[in-house]
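Trainee: I have a model open and want to learn how to read its features. Can we go through them one by one?

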Amino acid sequence: PPDSKDNYLQGLKYFWETGTETALGKTVEMTVLKKKGIEFDIELSLSAVKIEKELNTIAIIRDITERKHAEQALQESEERYRSLQENIPLGIYRITRQGKFISANHSMVRILNYNSRDELLKPSRIQLYAFKDQQEIFFQEIESNSFVSNYEIQLLKKNGDIFWAEINARAIRDELGNIIYYDGILEDITLQKQAKEELRQSKERLDIILQNIGNGVMVLDSSQNVFITNSRTKELLGFDPNQKITPVLSAMLINCHNQGKPLLEAFNKKSFSNLELNVEFPLPRTLYVTGTTFTDVDGKSAGKIFILADVTKEKDIERLKTDFVSSVSHELRTPITSIMGFAQTMLRNKEINNDIREEFLGIIHRESKRLSNLIEDVLSISRIESGKIHYDMSEISLGPIIQEVFNIYKIQAEKKNLRISCNVEKNLPKINADKDAVHQIIVNFIGNAIKFTESGDSVTISLKKIDDWLCLEVSDTGLGIPKKDQARIFDKFYRVSRPGTEIPGTGLGLSIVKEIVELHGGKIEMESEEGKGTTFRTFFPLSKKTLQKTG
C-alpha cells in the first residue's frame, strides 16, 4: 500500500502500476489530502465493468475518517486501561475455585511474591488461602451473594509468608448458574493491620495507665465538653464508676460545693495549679485541681486537661497537726504550771510542814512523769517516721511482760473500781521482738482500756497461740469507739471527740503502737461498739526457731 502521506492521485496510481486486474475486488485504506491540504482517511475499492466491449474500472471511495478516529481512540483507551491495570498497586486477577489463576496483573504477581506472570499462571492449582476455615467462610459469602466487598482475609505468598488482604470480588457463572471463576481486586493491608493493632495496643496501654493512675484525669474541649476521663475522676467527684453522666463539666461538678463554681470560673485561664475543689456528696473530699491548656495543630487553644488530686488526708493531717499543737500546748502547759506552782510554793515557804511538802513533791513527780511521757510520745513518732528507730531483737516470752504490766495497772484499776483479769496460756512459744517495744505496746493497750472504762466495768487481758501467731487480746466494757471514728483510730494525732467527756491524750499512742507492731511483722484487729466496749487483738509472728521446732 502507498505511504499514508500520498495524495489521492498517487493512491490511484498504485492500482494501475500494480495492475488493474490484481487490484480488482480489493479494498484499501489510505490517508489522502483534500485540496486545502487537510488529511482524511478513505476506503478505496475497485471493480471492473465492461462498457461497449471495453473493460472499465470503477473506483468506489468512502470517507472513513470518523471511524478511524473512533478506532484509534478505542485502541488508545485499551492501551491506557492495560497500562493502568498493570501499574495500579492493587492486584487484579481471575481465578477458579480450585485455585488456578487464569489472569493476573503485575501487582498481583508482585504481591504474591512470584517472579513472573507465567510462573503464577502456569500451575494447575495454587494454595492461596492461609486458613481453611477462613477460606470456606469466604466462599460461602461470595457464593451466596455473588460478590464480596472490602472482605478481609489472610492469604499466602509463594514463600509461605502470611499476609492480610482486602478483597472485592464477584462470582462469574455459566449458563446453568454454576460458578466458573472469580474476578477480584486485592489490596495488601498487612501494614494497615499492623498499624491498627499498634494503635489499639497503644490506646489499650494508655487506657490502662489512665484507669489505674491515682489521680483523676479529665480532658475537655473548648466548649467544656468532657471527651476523656477515667474512673478515678468519677470516684473523686462523688459518682459511681459505672454511672452514666452527661459529658459536660457542669454535670461532673454537681456534687461539689457551690456546683464547682471556682473550677468553672477558672476554665478560661491558660493554666492554674492546686485550685481547691470541695466535694460534699456522698463523702466530703478536698481536691486540688491542676489545669493545663492544650493546642491543636494550628497552635490555637483546643481545650483543657484537668488533673484531680485527693488531698483530703493531707488536709486532715494538717488540721490534726494543728489540733495536736494545740493539744500538746495544753498538755505541756498543765504539768508545767503544776510543777512551777508547787515548786514556787515550796521555795517561798521554807517552813512548810513535811506532810504538805511530801504531797507537793508527789504532785511534782506525777506531773513530771506525765510531761516525760508526752515528750517520749512525740520523740517516738518522730523516730519512727524518720526511719531512725532501732530495735534490739531477741527471743522473748510475752507472758512475763504482760504479767508485769498487769501488776502495775491492777492497783490503778482497783482504785477506779474496775474488774480486771489476766489469762496467759502456759508453755507458749517465744517471739522475736524488742522487749521494750513490746512493753510499750502492752502498756498502751491496757492503759487505754482502763482510761476509757468507767467504774464498775471490766478489763480482760489474755494471751494465746493461734496457728503461727501469738495473740494478745485486751478487751473492755467501757465507752467504745463511735463507728465514724473507727477507720481513723490509728491515724496520727487523731482523737475521738467526746463532748462532755474530756479524756487527756495526744492522739499518738495507737499510731505508735501500730507502727511498732507492723515493724515487727505483726498485725492489729479491732472490734468496738459505742457504749459497749472495745477489743484490740495484736498478732505477733512466732520466731523462725519456734516454727522450725514445731515444724
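**Reading the model**

Mentor: Start with a pocket. Strand S12 (285–295) and helix H11 (312–348) each supply at least two residues of the lining of the second largest pocket. Helices (H or I, at least four residues) and strands (E, at least two) are DSSP runs, numbered from the N terminus. This is a predicted model, where local features need pLDDT of at least 70, side-chain atom pairs count only at pLDDT 80 or more, and totals for chains, interfaces and linings use all residues. Residues are numbered from 1 along each chain as its sequence is written, and side-chain values use heavy atoms, with hydrogens and water left out.

Trainee: What separates a pocket from a cavity?

Mentor: Both are found on a 1 Å grid over the protein atoms alone. A cavity is a set of points where a 1.4 Å probe fits but cannot get out. A pocket is an open set with protein on both sides within 12 Å along at least five of seven lines. Lining residues have an atom within 4 Å of a point. Points are joined across faces, edges and corners, and the volume is the space filled by probe spheres set on them.

Trainee: Which residues line the second largest pocket?

Mentor: Leu283, Pro284, Arg285, Thr286, Asp310, Thr312, Lys313, Lys315, Asp316 and Arg488. H11 gives the largest share, 4 residues. The space is about 420 Å³. Sort the lining by class: 2 nonpolar, 2 polar and 6 charged. Here Ala, Val, Leu, Ile, Met, Phe, Trp, Tyr, Cys and Pro count as nonpolar, Asp, Glu, Lys and Arg as charged, and the others, Gly among them, as polar.

Trainee: How do I read two packed helices?

Mentor: Two packed helices are described by the angle between their axes and the distance between the axes. Axes are lines fitted to C-alpha atoms, for helices over the stretch in contact, and angles run from 0 to 180 degrees between N-to-C directions. Take helix H13 (residues 398–415) and H14: the angle is about 35°, and the axes are 10 Å apart. The crossing of H13 and H14 is right-handed. That label applies if the near helix is turned clockwise from the far one by less than a right angle; anticlockwise is left-handed. The contact residues of H13 and H14 divide into 11 nonpolar, 3 polar and 2 charged.

Trainee: At what angle do H14 and H16 cross?

Mentor: Roughly 145°, with axes that come within 10 Å. This crossing is left-handed. Contact means heavy atoms within 4.5 Å. Ile441 and Phe445 of H14 take part, and Ile512 and Val513 are included from H16. By class, the contact of H14 with H16 has 8 nonpolar, 4 polar and no charged residues.

Trainee: How many salt bridges are there?

Mentor: The count is 22. The rule asks for a side-chain nitrogen of Lys or Arg within 4 Å of a carboxyl oxygen of Asp or Glu. One of them joins Arg67 and Glu43 (3.7 Å, N to O). Arg67 lies in helix H3 and Glu43 in strand S2, so the pair ties together parts that are 24 residues apart in sequence.

Trainee: What should I check in the backbone?

Mentor: Most residues other than glycine have a negative phi, and most peptide bonds are trans. Ser146 has a positive phi, near 70°. Ser146 sits in the loop between H6 and strand S6 (147–156). The peptide bond from Phe281 to Pro282 is cis, with omega near -5°. Pro282 lies in the loop between strand S11 (271–279) and S12.
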